[in-house]
Amino acid sequence: MTIFTTERVARLLPRVREIVLEEIIPLESAYLHGSFRTLEPQLNALRKRVKAEGLWTPHLPTSEGGLGLTLTEFGMISEALGHSPLGHYVFNCQAPDIGNMELLHQFATDAQKHTFLEPLIRGDIRSCFAMTEPEFAGSNPVNMATTAVREGDEYVINGHKWFTSSADGSAFAVTMAVTNPAEAPHKRASMIIVPTATPGFHLVRNIKIMGDEGDSYASHAEVRFENCRVPVVNLLVKEGAGFALAQHRLGPGRIHHCMRFIGICERAFDMMCKYAVSRELGNGKPLASKQIIQSWIAESRAEIEAARYMVLHTADGIDKHGAQVMKESISTIKFFVANVLQHVLDRAIQTHGALGITDDTVLAYWYRHERAARIYDGPDEVHKTVLARTILKQYGYDVESA
Ligand SMILES: Cc1cc2nc3c(=O)[nH]c(=O)nc-3n(C[C@H](O)[C@H](O)[C@H](O)COP(=O)(O)OP(=O)(O)OC[C@H]3O[C@@H](n4cnc5c(N)ncnc54)[C@H](O)[C@@H]3O)c2cc1C
């Protein structure tokens with residue numbers, strides 16, 4: 001319980017936690033030693049049950065079949081789901097689909113909603129988001145080479161993307177491409193919905209992440225667009241709106257990620273404590289008797305508590321005042337919590353000794369895949385700059401004019 005816990009969340013959380021503990025975590029071992037695709041029949045059966053219980057797409061308004069939660073309330077659900085790498089998928093609120101659902105819900109036309117959003121909400125299809133390009137710094141995505149040239153009623157898309165998460169098996173990619181090259185940098189690109197079955201959409205490969213290629217939903221692809229033709233009605237909002245839409249997508253997205261990170265921290269923390277009291281070093285004394293382990297436990301506890309309050313405070317601010325007002329807080333939580341995650345995971349692995357780096361627990365999986373938390377959705381350094389710039393302005397120094 002936190003000061004942000006509402007009656008609604010207090011009612012939902014016990015059941016969500018129960019499903020994660022009793023139904024989802026038992027599937028992890030098969031995932032870690034097999035693949036996402038082989039586990040899909042079991043995951044889909046579980047998804048059906050979650051839907052039947054009325055817990056499906058918890059992030060969406062009730063009019064869209066969701067639970068009508070505030071961002072703060074959903075954050076708390078997201079933390080509970082974050083205890084397993086499979087949690088969000090089972091409840092149909094996994095990235096990148098969650099971002100695409102929110103984007104389409106807010107900005108798509110009725111026809112786009114019917115074709116793309118409704119099946120996504122039902123869980124019949126998955127989607128991906130293709131913005132980053134290997135040839136350009138993703139931290140400053142205004143420099144991109146992918147183009148969408150209008151020919152009659154179609155856009156012809158050519159370009160090269162990578163780290164298009166979950167493209168493997170996706171039905172469509174929300175794609176950023178330059179439509180207006182003569183405009184100012186932030187008004188050059190547009191978002192266009194590209195069905196992945198369109199001729200000219202090529203999934204080149206799933207990129208190995210620290211040795212793990214992944215598959216299906218759990219993957220990050222390199223993609224090429226070669227004379228890929230889509231109808232102009234697949235444009236989101238208007239030409240040149242791409243970056244403004246990307247900003248909309250990122251504000252709540254950082255709350256979702258950070259609360260998921262906290263869920264991972266809590267699970268790793270629990271595993272660390274359980275192992276510390278059960279692993280006997282000799283003379284009947286457990287690992288927990290060592291001060292250095294106690295110190296890791298205390299430090300981790302303090303860091304997780306601080307992280308949670310920072311994120312919920314930011315989410316509450318977004319709920320009440322909007323993301324723009326909370327811009328610096330959003331940057332602060334993104335780098336702070338990603339680093340807490342890395343520290344807590346590292347201590348949990350160290351406590352487990354050799355076991356910690358095997359796939360016999362979930363820790364090594366997270367260590368491999370969540371190192372990226374400090375890179376995606378803005379690398380640490382970019383967020384630190386945003387925060388420092390605001391602070392230094394108050395001291396009369398303008399970083400931008402330096
Ligand atoms: C697991 C994962 C999933 C992803 N999923 C998606 C996805 O679904 N769709 C998509 O389009 N993209 C995705 N990305 C890409 C992600 O958005 C980019 O990796 C990110 O924007 C950083 O871009 P870059 O990798 O090109 O690094 P660069 O921009 O080349 O930066 C390299 C490094 O330089 C430093 N740096 C950058 N800017 C600054 C600065 N201003 N000041 C100081 N230092 C700086 C940082 O340390 C940074 O890590 C994903 C990435 C990962 C790792």
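These questions and answers concern a predicted model.

Visitor: Into which domains is the protein divided?
Guide: The division comes from a domain assignment. The protein is divided into domain 1 (7-94), domain 2 (127-235) and domain 3 (244-401).

Visitor: How many residues does the contact between domain 2 and domain 3 take from domain 3?
Guide: The centres of domain 2 and domain 3, taken over C-alpha atoms, are separated by 30 Å. On the side of domain 2 that touches domain 3, the residues divide into one charged, one polar and four nonpolar. Domain 2 gives six residues to the contact, and domain 3 gives seven residues.

Visitor: Are α9 and α10 roughly parallel or roughly antiparallel to each other?
Guide: The axes of helix α9 (residues 291-321) and helix α10 (residues 327-352) come within 9 Å and cross at roughly 155 degrees. Angles over 145 degrees count as roughly antiparallel. Therefore α9 and α10 are roughly antiparallel.

Visitor: Is the crossing of α6 and α8 left-handed or right-handed?
Guide: Helix α6 (residues 97-107) and helix α8 (residues 242-278) have axes 9 Å apart and pack at an angle of about 135 degrees. That angle makes α6 oblique to α8. The contact is made by residues including L103 and F107 of α6 and L245 and P252 of α8. As for its hand, the crossing of α6 and α8 is right-handed.

Visitor: Which residues around the ligand come nearest?
Guide: The shell around the ligand draws at least three residues from each of domain 2 (127-235) and domain 3 (244-401). There are 19 residues around the ligand, and the nearest are M131, A137, G138, S139 and E381.

Visitor: Which elements each supply at least two residues of the shell around the ligand?
Guide: The residues of this shell divide into eleven nonpolar, seven polar and one charged. At least two residues of the shell come from each of β1 (127-130), β3 (154-165) and α12 (380-394).

How values were computed
Residues are numbered from 1 along each chain as its sequence is written. This is a predicted model: local features need pLDDT of at least 70, side-chain atom pairs count only at pLDDT 80 or more; totals for chains, interfaces and linings use all residues. Axes are lines fitted to C-alpha atoms, for helices over the stretch in contact, and angles run from 0 to 180 degrees between N-to-C directions. Helices (H or I, at least four residues) and strands (E, at least two) are DSSP runs, numbered from the N terminus. Angles under 35 degrees count as roughly parallel, over 145 as roughly antiparallel, 65 to 115 as roughly perpendicular and the rest as oblique. A residue is near a molecule or strand if its C-beta atom, placed from the backbone, lies within 6 Å of it. Ala, Val, Leu, Ile, Met, Phe, Trp, Tyr, Cys and Pro count as nonpolar, Asp, Glu, Lys and Arg as charged, and the others, Gly among them, as polar. A crossing is left-handed if the near helix is turned anticlockwise from the far one by less than a right angle, and right-handed if clockwise. Two residues are in contact if their C-beta atoms, placed from the backbone, lie within 7 Å.
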